[in-house]
Amino acid sequence: MICDQQFRRFLLNQRGEKLCPSCGSMPRDRRLFALFKKELPEKEQISLLDFSPSRSLYRKLKKTKNIEYFPTDLSTDFISEYQYDITKIPLGDEVFDCIFCYHILEHIDADSVAMKELHRVLKKGGKAFVQTPFKEGEIYENAEMKTVAQRLEHFGQQDHVRIYSVVGLQKRLEAAGFDVVVKIFEKDERYGLSENETILYLRKN
């Protein structure tokens, strides 16, 4: 789906996720790329901001001629060419046609500030794709949980600061000015896509 190769079977990582033997893409990478291709015109010039990009998407998007690609990662743990702080992006208003913000907001203390920044730098009519881990019920966050052990116990990962609910994240993004549609996808064996994967599809009007 990303590398245009077909295989009899996928590889599995430690979490049981299906990896592409060619490009190494995870299911969420392939789903995001499919949704991006569906929602954005292929022949138009597009500016795309991608936070902490996966290697497979970086390689694909970097060489796509109609995409002006801005891969960014503040931590330097991922392949990137920029180090934008998502809470204070050093660019003007309405720069990007599209934004990928996958598994980022759960790391950000001032998430509402980050959401307003995403809204600010997205063009009118622009689209963004957001995903985080989710839980049922309400958003769970506790500012007193600051150590690695505490965050691992409370939020499931040592560098997370909250666990969102789908509705809770939707409300916060709407408060930042976005129109938000929640998309839940079925399993796809052919492309190794996960069951009940949830993506928040954002638009700036």
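Start by selecting Asn196, which is exposed at a relative accessible area of 53%; exposed means over 50%, buried under 20% and partly exposed in between, with a 1.4 Å probe and protein chains only. Asn196 sits in the loop between strand E10 (179-185) and strand E11 (197-203). Helices (H or I, at least four residues) and strands (E, at least two) are DSSP runs, numbered from the N terminus. Check the backbone here: phi of Asn196 is near 60 degrees, a positive value in a residue other than glycine.

A quick note before moving on: this is a predicted model, where local features need pLDDT of at least 70 and side-chain atom pairs count only at pLDDT 80 or more, while totals for chains, interfaces and linings use all residues. Residues are numbered from 1 along each chain as its sequence is written, and side-chain values use heavy atoms, with hydrogens and water left out.

Next, jump to Ser52, in the loop between E3 and H2. Its phi is positive too, near 45 degrees, but Ser52 counts as buried at 18% relative accessibility.

Now go to Ser56 in helix H2 (residues 55-62). Ser56 is buried, with a relative accessible area of 4%. Show side chains and you'll find a polar contact of 3.2 Å between Ser56 and Ser54; that term means a pair of N or O atoms within 3.5 Å, and within protein one must be able to donate a hydrogen and the other to accept it, with residues adjacent in sequence counting only if both atoms are side-chain atoms. Beyond neighbours within four places in sequence, Ser56 is in contact (heavy atoms within 4.5 Å) with Ile2, Cys23, Ser25 and Asp29.

Finally, select Ser56, Leu57, Tyr58 and Leu61, the buried residues of H2. They pack against helix H1 (27-39) and strands E3 (46-51), E4 (67-72) and E5 (96-102).
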